[in-house]
Amino acid sequence: MTRREILRAQLLLAGAVLALWELLPRIGWIDPVFVPPPSRVLEALVHLWGLGLLGEHTRLSLGRALGGFGVAVVIGPLLGLALGGWFPRLRQALEPLMEFFSQANPVVLFHVVLLFFGIGESAKVFLIAWLCIWPIAFAAIAGVANVDPELLRAARAFRLSRPALFVRVVVPAALPSIFTALRLAAGQSFIMLIAAEMMGASSGLGWLVVQSQESYHAPRIFAAAGLISGLALVTDRILLVLEARLIRWRPPLDEGRVLLAGGAER
Amino acid sequence: MSRAPSLEAPAQRATTAPRLRAAALRCSGILGFAVLWELASRLRWIDPTFAPALSTVVVTIGRLIASGALLTHICISAGRALAGLALGLLIAVPAGLVLARWTPRARLVLDPFLRVLSQVNPFSLMPVFLLFFGSGELVKITTVGWVAIWPILFYTLTAITTVDPILLKTGRSMALSERELVLRVILPASVPTLFVGLRIAAGLVFFMLIAAEMLGTNGGLGWLVHNSAMNYQIPGIYAGSLLVTLLGFGLHRGLIALERHLSPRAGAALPTVPGARRPAAVAGPAPRPSASAVPTPSRWSAVAEQEST
């Protein structure tokens, strides 16, 4: 099957699914109250946009997600690189604690965090940052631990000083693994964002979903859910492009290795 | 798949100290955190009404255990989680097998659709499921099952497409029928990889379940935390959170141990693993030591695999 054939089949399938989705509720085989046809969803999307609600909530949600993610992007790699490359003993001491923290379900932490931060923006940002920091830090540690020993030997043969070794060999070698974790964290941050907004917020896309649910407005639920998924996909794409730009030397992907690493390393 | 044992990263070589000391070092972080927590509250560095001391929290947990309430909630949560996982397994493994083995074209065509679906935020799906299934047990199980499907499906696809070709050829040369080939070669060879997917799914299920229970049920661990919060029982919040975290931690560790047991690849030098996923005949550069020696937080790894298939 050539690429074009695949693409054609995909377009056909997408068209068929959309057509069915449009048709079935219309002829009443599926209750349109539960599953509104795509045209109605689109209508709701446009309507919300027209009210100015959509732009506002999207902006608020994105702000929270980016805030938390941004904190994690700064702290996570620094923590991981420092522990992985600089303080091996400290890493041994802290790794179980970090693993413990990473298992601390942020949804459960929500109430604890509320006690400290109140119900404002900072609680949401903190939760998203908390969720994102650990995978990034672990990926950085793993990335440092997996630096090709040949490279290290070569660098030592060139008598690179320790800082130079760190900056020019270890960090670039750990970067691919960090980037993978960044993409995972970005995806997770969206999930957490919506959860936090559903549990305690009066704005944002998650709130919009809950709000529409409480008023039984199914097209809006679908519209908001679609928008959230779309945002997550776009974010992932952006990070993918960024990764390709930043990491040009990456060896060709070896599927075997991906699997051996349990999917955490590429 | 030759992997020299000497390829350990230098950072890890520092751990040749006696085992006991290493173990003490590993525990020191968690112990330090516990002591700090206790002290911070006892010495009133932080307000003990908002952050009760660890001992208070442990006493609360003890009381929950003694009253038998905890066991009930854990059973409720575990039942839901298992049902969701079973749902995911029942859908994803056969689907993965069919797509990867018998309909490779459909797999190519469906791939982007599956990826988009897997990206759909489970929280935003919950209201949709609510519309379909009412607010009973079924919603929780389907939400959790939905979360479980994707990692299992993607790992099944990879597992089956990367079964060692030599095994397949050997099987075929022994005139195995397709059915026998699947049952006796492909599925057993896929188990280690499939289990990675299952582990990731279990982590996600646990995460999602607690969230779902907090958003509306009666009963279950998530509800326990939520209920304490609603009644301003602050030690109860901490007790529930600590319990959920401990359970998650235990689940994660247990599944990793089980996974190592199933696929002895995490050790240093392993010539050929049964069902090696890397074609042994292809003599490429030796793979770097895998990251599996480092416990990577599993529930985050789902997407990485999806992207790389």
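There are 12 helices and zero strands in chain B, and chain A has 11 helices and zero strands. Here helices (H or I, at least four residues) and strands (E, at least two) are DSSP runs, numbered from the N terminus. This is a predicted model, in which local features need pLDDT of at least 70 and side-chain atom pairs count only at pLDDT 80 or more, while totals for chains, interfaces and linings use all residues. Residues are numbered from 1 along each chain as its sequence is written, chains are lettered from A and ligands numbered from 1 in the order in which they are written, and side-chain values use heavy atoms, with hydrogens and water left out.

**The two chains**

- Of the 266 residues of chain A, 52% are buried, and buried residues also make up 52% of the 309 residues in chain B.
- Buried means under 20% relative accessible area, exposed means over 50%, and partly exposed is in between (1.4 Å probe, protein chains only).
- Along its principal axes, the C-alpha atoms of chain A fill a box of roughly 75 × 60 × 30 Å.

**The largest pocket**

- Rolling a probe the size of a water molecule over the atoms shows where empty space is left.
- The largest pocket holds about 1200 Å³ of space.
- Of the 34 residues that line the largest pocket, the closest to its centre are V17(A), W21(A), V116(B), L117(B) and V120(B).
- On a 1 Å grid over the protein atoms alone, a pocket is an open set of points where a 1.4 Å probe fits, with protein on both sides within 12 Å along at least five of seven lines, and lining residues have an atom within 4 Å of a point.
- Grid points are joined across faces, edges and corners, and the volume is the space filled by probe spheres set on the points.
- Helices α1 (3-26), α2 (38-51) and α10 (218-246) of chain A, along with α4 (69-102), α5 (104-119), α6 (122-133) and α7 (137-161) of chain B, each give at least two residues to the lining of the largest pocket.
- The largest share of that lining, eight residues, comes from α10(A).
- By class, the lining has 30 nonpolar, four polar and no charged residues; Ala, Val, Leu, Ile, Met, Phe, Trp, Tyr, Cys and Pro count as nonpolar, Asp, Glu, Lys and Arg as charged, and the others, Gly among them, as polar.

**Salt bridges**

- Side chains of opposite charge can pair when their charged atoms come close.
- A search of the whole structure finds 16 salt bridges over all chains, each being a side-chain nitrogen of Lys or Arg within 4 Å of a carboxyl oxygen of Asp or Glu.
- One of them links R253(B) to E99(A), with the closest N and O atoms 2.6 Å apart.
- This pair joins two chains, because R253(B) lies in helix α11 (residues 234-262) of chain B and E99(A) in helix α4 (residues 88-103) of chain A.
- R253(B) is partly exposed at 39% relative accessible area, whereas E99(A) is buried at 2%.
- Within chain A, E121(A) pairs with K124(A), and their closest N and O atoms are 4.0 Å apart.
- E121(A) and K124(A) are three residues apart in helix α6 of chain A, so about one helical turn separates them.
- E121(A) is partly exposed, with a relative accessible area of 38%, while K124(A) is buried, with 4%.
- In chain B, R184(B) forms a salt bridge with E180(B), the closest N and O atoms being 3.9 Å apart.
- Both R184(B) and E180(B) lie in helix α9 of chain B, four residues apart, about one turn of the helix.
- Salt bridges that share partners also join R64(A), E121(A), K124(A) and E197(A) into one network.

**Residues to find in the viewer**

- W134(A) lies in helix α6 (residues 121-145) of chain A, and this residue is buried, with a relative accessible area of 9%.
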